[in-house]
Amino acid sequence: MIVGGTTTSLAAIVSVLALAPGRGLGLRQRARRPATRPTSTVPVPPGDWDVLEVPYSDPFGFAGSLASLADAVVVLEPAALREDVLAHLRGAAALTTEED
């Protein structure tokens, strides 16, 4: 990124995600397996979910991408990213209207 004539780089933040089998293929391409199992307060869903580390630099954009995967991803860490994803999902839910 160029700011004021100088080149700067955005520091990558590392997320820890649980991905449903066969889902989130784009995330899987840039992911790595964590060296140790994360100690998250959020449980990994039962089944063959993969726990992966995925770097990102744009919290808002990444949260929106994760929200679009709906039930195929669980954010284990960081908690702030998990809250951002939930905010995206709540915003989308608020856009729906009941039909009588």
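Mentor: Let's look at helix H2 and what surrounds it. This is a predicted model, where local features need pLDDT of at least 70, side-chain atom pairs count only at pLDDT 80 or more, and totals for chains, interfaces and linings use all residues. Residues are numbered from 1 along each chain as its sequence is written, and side-chain values use heavy atoms, with hydrogens and water left out.

Helices (H or I, at least four residues) and strands (E, at least two) are DSSP runs, numbered from the N terminus. H2 spans 59-67, and its buried residues are Phe62, Ala63, Leu66 and Ala67; buried means under 20% relative accessible area, exposed over 50%, partly exposed in between (1.4 Å probe, protein chains only). They sit on the same side of H2 because they cover an arc of only 140° around the axis, taken from the directions from the helix axis to the C-beta atoms. An α-helix has 3.6 residues a turn, so residues three or four places apart point the same way.

What do these buried residues pack against? Their partners are S3, helix H1 (25-29), S4, S5 and H3, with contact meaning heavy atoms within 4.5 Å.

Now zoom in on Ala67, which lies in H2 and is buried at a relative accessible area of 12%. Leaving aside neighbours within four places in sequence, Ala67 is in contact with Val85, His88 and Leu89. Its C-alpha atom is 9.6 Å from that of Arg82, 15 residues apart along the chain.
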